[in-house]
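User: I'd like to go through the labels on this model and see what backs each one up. Can you take me through them?

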Amino acid sequence: QVQLVESGGGLVQAGGSLRLSCAASGGTFSRYSVGWFRQAPGKEREFVAAIGWSDGATYYSDSVKGRFTISRDNAKTTVYLQMNSLKPEDTAVYYCAADSSLRVGVARLNDYYDMDYWGKGTLVTVSS
């Protein structure tokens with residue numbers, strides 16, 4: 001059983017940056033692929049980015065590619081999401097998720113939404 005806790009959210013002006021953290025406990029973290037998702041008010045949950053456990057492969061949604069960077073520190077059992085050039089439309093609750101069998105770069109987009117473990121989210125608000 002893996003527990004995930006997100007942190008780092010807050011209020012930032014458009015064009016600014018934030019770094020989110022997803023801290024994991026339980027399980028063998030280094031063998032889990034981890035994804036970031038977001039859900040804006042009144043909208044469905046949206047995939048943002050993911051990083052694999054075996055080769056560190058990454059995968060981004062088109063809406064954040066070039067602005068967001070996902071990384072992981074297995075020694076700290078933490079995955080980060082560096083968010084630059086933030087836009088008001090990035091405002092959402094950001095969630096991280098983990099799965100031991102998902103292969104980043106091979107999995108279908110729908111598979112990411114079925115990841116096994118989920119955190120409770122952290123709110124990011126981008127003002128215009």
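Predicted model: local features only at pLDDT ≥ 70, side-chain atom pairs only at ≥ 80, totals over all residues.

User: Why is Tyr113 called partly exposed?

Analyst: Its relative accessibility is 30%. Buried would need under 20% and exposed over 50%, so Tyr113 lands in between and counts as partly exposed. You'll find Tyr113 in the loop between helix 1 (109–112) and strand 10 (117–118). Together with Tyr59 and Leu109, Tyr113 also forms a nonpolar surface patch of about 240 Å² accessible area.

User: What makes Tyr32 and Tyr117 an edge-to-face aromatic pair?

Analyst: A search of the whole structure turns up seven aromatic pairs. For Tyr32 and Tyr117, the centres are 6.1 Å apart and the planes make 65°. Pairing needs centres within 6.5 Å, and edge-to-face needs over 60 degrees, so both tests are passed. The pair ties together distant parts of the chain, 85 residues apart: Tyr32 sits in the loop between strand 3 and strand 4 (33–39), Tyr117 in strand 10.

User: And is Tyr32 buried or exposed?

Analyst: Tyr32 is at 11% relative accessibility; the limit for buried is under 20%, so buried it is.

User: How do you know that Arg45 lies over the face of Tyr95?

Analyst: Arg45 is 4.0 Å from the ring centre. The cut-off is 6 Å, along with a limit of 35 degrees from the ring normal. Arg72 likewise lies over the face of Phe29, at 4.7 Å from the ring centre.

Conventions: Residues numbered from 1 in each chain as written. Heavy atoms only, no water. Patch = residues over 30% accessible without salt bridge, like charges linked within 9 Å, V, L, I, M, F, W, Y side chains within 5 Å. Areas by Shrake-Rupley, 256 points an atom, 1.4 Å probe, with all protein chains shown as cover. Salt bridge = Lys/Arg side-chain N within 4 Å of Asp/Glu carboxyl O. Helix = DSSP H or I, 4+ residues; strand = E, 2+ residues; numbered from the N terminus. Buried < 20%, exposed > 50% of the residue type's maximum accessible area, 1.4 Å probe, protein only. Phe/Tyr/Trp six-rings, centres within 6.5 Å; stacked < 30°, edge-to-face > 60°.
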